[in-house]
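Here are my notes on the model you sent over. Have it open beside you while you read, and take the points in order.

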Amino acid sequence: MPRVAAESQEISLDGGWESPTLGELLKDLEDGHRKKDSGEDASVHHVLDVASPETRPVPFLLSFNNLCYDVRGKADSVKTLLNDVSGEVCDGDVLAVLGASGAGKSTLIDALAGRVSSLRGTVTLNGEKVLKSQLLKVISAYVMQDDLLFPMLTVKETLMFASEFRLPRSLSKSKKMERVEALIDKLGLRNAADTIIGDEGHRGVSGGERRRVSIGADIIHDPIVLFLDEPTSGLDSTNAFMVVQVLKRIARSGSMVIMSIHQPSARIIDLLDRLIILSRGKSVFSGYPTSLPQFLSDFGHPVPGKENITEFALDLVRELEGSTKGTEELVEFNEKWQQNQSPRATPMTTPYKALSLKESITTSVSRGKLVSGSTSSKPISMETVSYANRPLLEIYILSKRYIKNWSRTPELIITRLATVLVTGLILATIYWRLDNTPRGAQERMAFFSFAMSTMFYTCADNLPVFIHERYIFLRETTHNAYRTYSYVISHVLVSLPQLLALSIAFAVTTFWTVGLSGGLESFLYYCVIIYAAFWSGSSFVTFISGLIPNVMISFMVTISYLSYCLLMGGFFINRDRIPGYWIWFHYISLMKYPYEAVLINEFDDPSRCFVRGVQVFDGTLFAKVPDAIKVKMFDTLGNSLGTKITESTCLRTGPDLLLQQGISQLSKWDCLWVTFAWGIFFRILFYLSLLFGSKNKRT
């Protein structure tokens, strides 16, 4: 009678269909802890009997028949990516899809996972169609080829956050932690549990460990179906074998594993249960790996001794693809060969064979497969989309994860703060204590123009970070880890404190050193409008990252648009001088409103004079004329105007300068609200871009 050690990191693969689920291992571990706490003898090698029929996995059968998928190219040309592909996979099986580049491996995986639109054919689970239902999202997981993880979180933290997103809220935090600990052992990550994931600038786990963490984050809820797109890509043979070993254990716990793989080694082939070889979208072999040598021999191409079976098969397919007839003969031979093979007994002959899909899933949930948002008392349905947590809890978890990851990169925090401080100090030393002269007024305007544009350009450095997070968002929301609006709101909540710190730093550095007026009230408004500008710029950059996933293109779009906003913002050309066919851009310029706001805040005091007496001649042909002659000119002008003009007469106040700049339509508070409103508008656009533009589907 086979037995399994609950504390063992390795799980024997020789137990056939009788291996325990992850839920049973946790239950066994919990029983051991309970006995230990009550004083009973709890052996370190406490074992779980899994030979009884009650512990056999609940049977599932995923069948796909006559799958076809075409895409339109240039000049209405049609390219066939899948052509009449059929097959099946049972619980406990690992199905591998092989083929050369462009054969359709990833397309088939995406088709089965429901990530392909306009697909022809049928995909059924226990006889019920699930391809277009929300049920498939809940009971399955999809592991992308790229490892999309937060680099500064540890392995345990990454899996713990995944458990908080995917496991039912009825499960206590201690139970979730136990599940994470069991999964770490199952993935062989015990020695790396407290190591950060790492990236180019931070040393972390190895490539093979990173791949296993990616798999673990998606199987934390013990899904019934697991899809993987080339999980061994970029790994050496040892790490690739270890990854497939993990997948084999997952399958033996009652799941079905479907993956694409490129030229597996002989050791990996021994772990596979079913095999499909594709050639230009057509199936040239579908069956058990052990039958592949006989298949090739019957086709007239026996496998030479000591030759890797799959490498020989793929070389043969590549050779046939280069011939005039192509692989048509092999495709036809495969169809006839499949018809002549006697079907092998499958696990569908268990006592549960009469269960419907809903009953099978409910039984699996009660047996430890904690499908997101479901419990044995609250089964999922084919129509509803189920989430594990309420929106407020999702926002809290997302915010906590982001802050933890962000707080471990102090160099980025310090660099961004230093950039703002250095910019402020440079501006302060250039525009030091400006006076109330015509030249001082002009220099104030130049300072405000550069300062406000700095707020927006500084935000552009976050584009790569936002785009990386976007891909993580896609991976997690594909299977309803959390709601889209929860992600957007949490993104706002964690961004606002950072922007406030930058705003205060810049305001303190420049307000008094440049000589801006108005006292404490004006300073506070100056801080708030800078904060609003940062908020608006950050929201715009976030929207671009959600709309354009390419870093270089998003940078070009961002910089170009901000440059146009600066041009039309009112400093380089007044509003009344802008051509009528461009005036619309003046009003959608993000920099117009904060720029006008700080000008009004500075020049709105009618008691401040910026052109007094003979200063009116500065910068003109009369500047070199002696002051005595200028006074006589004032007498002549005064007589003509019926007023007395002296050297101390104020000829232009702050409000006069505002009118000269064409700033008369909005108050400074109106400009503040509009600036904040731009930020809200772009956050809404960001939400819509994620909701409708990030479906993660092929078209």
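1. Let's start inside, with Glu602. This residue is buried, at a relative accessible area of 3% (buried is under 20% relative accessible area, exposed over 50%, partly exposed in between, with a 1.4 Å probe and protein chains only). Arg444 sits in helix H15 (residues 438-459) and Glu602 in helix H21 (residues 592-603), so the pair ties together parts that are 158 residues apart in sequence.

2. Before going on, a word on the ground rules. This is a predicted model, with local features needing pLDDT of at least 70 and side-chain atom pairs counting only at pLDDT 80 or more, while totals for chains, interfaces and linings use all residues. Numbering runs from 1 along each chain as its sequence is written, and side-chain values use heavy atoms, with hydrogens and water left out.

3. Now have a look at Arg475 and Asp218. They form a salt bridge whose closest N and O atoms are 3.6 Å apart. Arg475 belongs to helix H16 and Asp218 to helix H6 (residues 207-218), so this pair links parts that are 257 residues apart in sequence. (Helices here are DSSP runs of H or I with at least four residues, strands are E runs of at least two, and both are numbered from the N terminus.) Arg475 counts as buried at 8% relative accessibility, and Asp218 does as well at 2%.

4. How many salt bridges are there by this rule? The count comes to 25. Another one joins Lys105 to Glu230, with 3.9 Å between the closest N and O atoms. Lys105 is in helix H2 (residues 105-112), and Glu230 is in the loop between strand E9 (225-229) and helix H7 (237-252), so the pair ties together parts that are 125 residues apart in sequence. Both Lys105 and Glu230 are buried. There is also a network of salt bridges linking Lys156, Glu181, Asp185 and Arg190.

5. While you're at helix H7, find Ile250, which lies in that helix. Ile250 counts as buried at 2% relative accessibility. Its C-alpha atom is separated by 8.2 Å from that of Asp222, 28 residues away along the chain.

6. On to the largest pocket, which holds about 920 Å³ of space. Of its 33 lining residues, Pro151, Asn405, Thr409, Leu412 and Val465 are the closest to the centre. (On a 1 Å grid over the protein atoms alone, a pocket is an open set of points with protein on both sides within 12 Å along at least five of seven lines, and lining residues have an atom within 4 Å of a point.) Helices H13 (391-407), H14 (410-430), H16 (463-477) and H17 (484-514) each supply at least two lining residues. H14 gives the largest share, six residues. By class, the lining has 16 nonpolar, nine polar and eight charged residues.

7. Last, the surface. Which residues make the nonpolar patch of about 400 Å²? They are Ile680, Ile684, Leu688 and Phe692. (Patch residues have over 30% relative accessible area and no salt bridge, and nonpolar side chains are joined within 5 Å.) Ile684 lies in helix H24 (residues 668-693) and is partly exposed, with a relative accessible area of 47%.

Conventions
1 Å grid on protein atoms, 1.4 Å probe; cavity = no way out; pocket = protein on both sides within 12 Å on 5 of 7 lines; lining within 4 Å. Points joined across faces, edges and corners; volume = space filled by probe spheres on them. Nonpolar A, V, L, I, M, F, W, Y, C, P; charged D, E, K, R; others polar. Patch = residues over 30% accessible without salt bridge, like charges linked within 9 Å, V, L, I, M, F, W, Y side chains within 5 Å. Areas by Shrake-Rupley, 256 points an atom, 1.4 Å probe, with all protein chains shown as cover. Salt bridge = Lys/Arg side-chain N within 4 Å of Asp/Glu carboxyl O.
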